[in-house]
Amino acid sequence: KLSKIGDYRERLEKACEIVQAKDKLVKQKNFDTYMINDTFGYLRISEEEYQLIDDMKAYVTGSNKAVKHMFDRKIDNLLNQGMKKLIIDVRNNTGGYSVIPLELASLFTKKDIYINSMAYVNGERKKVVRDEYVKADGKYANLEVVVLTNSRCVSAGDYLVYCMGKCDNVKVVGITVSTGSSQPIGGNCVMSDGICEIKYPQNWM
């Protein structure tokens with residue numbers, strides 16, 4: 001006889017933790033890097049947040065030079081240790097700011113890549129506020145890269161997988177179809193007893 005463990009959602013979470021190695025991933029620091037062996041370098045990204053003030057400015061300006069410099073420095077350090085291939089692990093990524101994926105992906109492409117448009121709709125009128133592109137830097141466009149993802153990689157994490165997957169030298173491994181969850185979410189409704197939770201956008205989609 002098996003006793004009930006919480007509601008369905010709680011049981012699903014516990015089962016998924018085993019499959020997705022959640023207990024092992026939470027111990028790693030965001031943007032942590034190290035060499036797995038003589039060939040493979042590893043970069044862990046658990047959320048797209050770097051420094052709050054710069055992140056918020058970047059949301060408005062569409063550029064974050066500080067985070068791009070951080071990625072450049074970390075990748076360059078791995079190359080100096082003999083790295084030939086890079087693994088970027090975004091499993092269980094909880095999201096953050098969309099500019100961070102744009103800055104990271106720019107280092108891996110020699111051509112600008114259109115990603116999406118931010119807009120608002122008022123009745124029949126639609127106004128595009130900003131088009132978002134991965135602007136080519138190409139410094140590491142010849143480096144072989146694998147991006148690890150899963151079903152718990154959401155929001156700006158999902159955006160990162162989408163951006164990186166557009167680069168010619170990048171392979172995405174795991175649950176590779178976008179969850180479509182990358183949108184600026186601020187609102188949250190929770191039903192009593194946690195039966196249902198609804199998150200909704202409060203800004204451009």
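Trainee: Does Tyr-42 count as buried or exposed?
Mentor: The model is a predicted one, and Tyr-42 is found in strand β2, residues 40-44. A residue is classed as buried under 20% relative accessible area. Tyr-42 has a relative accessibility of 5%, and therefore it counts as buried.

Trainee: Which residue in β3 is the bridge partner of Tyr-42?
Mentor: Strands β2 and β3 pair in the parallel sense, over 5 bridges. The C-alpha atoms of Tyr-42 and Leu-86 are 5.8 Å apart, although 44 residues separate the two in sequence. The bridge partner in β3, however, is Ile-87.

Trainee: Which residue of β6 stands opposite Ile-87?
Mentor: Strand β3 is also joined to strand β6, residues 144-149, by 5 bridges, and these two strands run parallel. Ile-87 of this pairing stands opposite Val-146.

Trainee: How many of the 5 residues of strand β3 are buried?
Mentor: Strand β3 covers residues 85-89 and is largely enclosed by the rest of the structure. It pairs with β2 and with β6.

Trainee: Where does Asn-92 lie, given its positive phi of about 60°?
Mentor: Most residues other than glycine have a negative phi. Asn-92 is not a glycine, yet its phi is positive, about 60°. Its relative accessible area is 11%, so Asn-92 is buried. Its place is the loop between β3 and α5.

Trainee: Which residues of α5 are buried?
Mentor: Helix α5 spans 99-106. Because 8 of its 8 residues are buried, α5 is largely enclosed by the rest of the structure. The buried residues are Val-99, Ile-100, Pro-101, Leu-102, Glu-103, Leu-104, Ala-105 and Ser-106.

Trainee: Against which elements do the buried residues of α5 pack?
Mentor: Contact here requires heavy atoms within 4.5 Å. Both helices and strands meet the buried residues of α5, namely α3 (52-61), α4, β3, β4, β5 and α6 (156-165).

Trainee: What relative accessible area does Ser-155 have?
Mentor: Ser-155 is placed in the loop between β6 and α6. Although it is not a glycine, Ser-155 has a positive phi of about 55°. Ser-155 counts as buried because its relative accessible area is 16%.

Trainee: Which elements are included in what covers the buried residues of α6?
Mentor: In α6, 8 of the 10 residues are buried, so the helix is largely enclosed by the rest of the structure. These buried residues are Ala-156, Gly-157, Asp-158, Tyr-159, Leu-160, Val-161, Cys-163 and Met-164. Their cover includes β3, α5, β4, β5, β6 and β7 (170-174).

Trainee: Which residue in the hairpin of β4 and β5 takes a positive phi?
Mentor: Strand β4 (residues 113-122) and strand β5 (residues 125-134) pair in the antiparallel sense over 9 bridges. Within this pairing, the partner of Tyr-120 in β5 is Lys-127. The hairpin has 2 residues between the strands, and the residue with a positive phi, near 65°, is Gly-123.

Trainee: Which element gives the most to the lining of the second largest pocket?
Mentor: The volume of the second largest pocket is about 250 Å³. Of its 15 lining residues, the closest to the centre are Gly-62, Ser-63, Glu-103, Tyr-133 and Lys-135. Helix α4 (65-80), helix α5 and strand β5 each supply at least two lining residues. With 5 residues, the element that gives the most is β5.

Trainee: How many residues of that lining are charged?
Mentor: Asp, Glu, Lys and Arg count as charged. The lining of the second largest pocket also holds 4 nonpolar and 4 polar residues, and its charged residues number 7.

Trainee: What share of the contacts with a separation of 6 or more joins residues 24 or more positions apart?
Mentor: The protein has 6 helices and 9 strands, and buried residues make up 37% of its 205 residues. Its accessible surface is about 12200 Å², with 53% belonging to carbon and sulfur atoms. For contacts with a separation of 6 or more, the share from residues 24 or more positions apart is 67%.

Key. Residues are numbered from 1 along each chain as its sequence is written. This is a predicted model: local features need pLDDT of at least 70, side-chain atom pairs count only at pLDDT 80 or more; totals for chains, interfaces and linings use all residues. Side-chain values use heavy atoms; hydrogens and water are left out. Helices (H or I, at least four residues) and strands (E, at least two) are DSSP runs, numbered from the N terminus. Buried means under 20% relative accessible area, exposed over 50%, partly exposed in between (1.4 Å probe, protein chains only). Accessible areas come from the Shrake-Rupley method with a 1.4 Å probe; for residues, only the protein chains shown count as cover. Two strands pair if DSSP finds at least two bridges between them. On a 1 Å grid over the protein atoms alone, a cavity is a set of points where a 1.4 Å probe fits but cannot get out, and a pocket is an open set with protein on both sides within 12 Å along at least five of seven lines; lining residues have an atom within 4 Å of a point. Grid points are joined across faces, edges and corners, and a volume is the space filled by probe spheres set on the points.
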